[in-house]
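Hi there,

I am passing a structure on to you, with some notes on what turned up in it. Have it open beside you as you read.

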Amino acid sequence: MSPRPLRLFLDSADPEQWERWLPLGVFHGVTTNPLLLERAGRPCTLENLAALGDRAFALGAREIHLQAWGETTDQLVACGRKLVGLAPQVAVKVPATEAGLAAARRLIGEDIGVTLTAVYNAGQVLAGAALGCAYAAPYLGRLDDLGRDGTAEVVAMQELLQNTESPTRLLTASLRSWDKVVELAWEGCDTFTFGPAVAEGMVDDADTEDAADAFAEAAAKMGAEIIE
Ligand code: E4P
């Protein structure tokens, strides 16, 4: 299977973070969930998610992942149908539970893009691929927290999708460092979601800062005037 273009997502429900990171243009979109809404102090309501969707796309997001809530398949489907209408390009997130898989099947049957989230094992990735989920999101950091080898398991999941030539993207989540993203990309992973703290790793190289400062000093010394 030919490699797919890299796709990065900012894992945050905080528009102030979106305002900093989305204009860089490196993120395909944003991923959210009720925990991230709680951390951002934002209500988990259709009204607020609609406003967040407007803001994300105004800032350049091309896709927003919104997580459905509810306990039963019917509740997840009903919520997902509401979520998909809130913004131009929405992926509906459902957990990789039995109710989530059944909801995914019905939502996909209505041409709704689905992200299977809270993935902890390769079998769930296989189920998501069989369903035709757009994404399956393993929680690497949490796998490590459980004493498992999150990196090895995620790389194996990626290989599984490539070997079965599945269009499902492995959206690796629960990432704790930029170096881990780079390592996984080396191993063939191509789709990631991570928070602002990890994104800092993209822009905090002290040597690059020093080199940029030297350019600025030389330009100023040679008469360059700042152009506003
Ligand atoms: C994914 O959708 C979650 O926001 C996040 O990645 C979960 O992992 P964490 O709680 O370990 O960061």
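**Helix α5 and its neighbours**

Helix α5 covers residues 98–109, twelve residues in all, and spans 17 Å from its first C-alpha to its last, close to the 16 Å expected at 1.5 Å a residue. Please keep in mind that this is a predicted model.

Which residues of α5 are buried? They are Ala99, Gly100, Ala103, Ala104 and Leu107. Looking down the axis of α5, you will find these buried residues within an arc of 135°, so they line one face of the helix. The face turned away from that buried side carries the exposed residues Glu98, Arg105 and Gly109.

What do the buried residues of α5 pack against? Their partners are α4 (73–84), β4 (90–95), β5 (114–119) and α6 (122–131). Just after α5, have a look at Asp111, which takes a positive phi of about 60°.

Now for the strands. β5 is mostly covered, with five of its six residues buried. β4 and β5 run parallel and are joined by four bridges; here Lys93 stands opposite Thr115 in β5. The chain gets from β4 to β5 through α5, and this β-α-β crossover is right-handed.

β5 also pairs with strand β6 (residues 135–138), in the parallel sense and over three bridges. Leu116 is the residue that stands opposite Ala136 in β6. Together, β5, α6 and β6 make a right-handed β-α-β unit.

Happy exploring, and do write back with any questions!

Best wishes

Definitions and conventions. Residues are numbered from 1 along each chain as its sequence is written. This is a predicted model: local features need pLDDT of at least 70, side-chain atom pairs count only at pLDDT 80 or more; totals for chains, interfaces and linings use all residues. Side-chain values use heavy atoms; hydrogens and water are left out. Helices (H or I, at least four residues) and strands (E, at least two) are DSSP runs, numbered from the N terminus. The expected span of a helix is 1.5 Å times one less than its number of residues. Buried means under 20% relative accessible area, exposed over 50%, partly exposed in between (1.4 Å probe, protein chains only). The arc is that of the directions from the helix axis to the C-beta atoms. Contact means heavy atoms within 4.5 Å. Two strands pair if DSSP finds at least two bridges between them. A crossover is right-handed if, with the strands pointing away from the viewer, the path from the first strand over the helix to the second runs clockwise.
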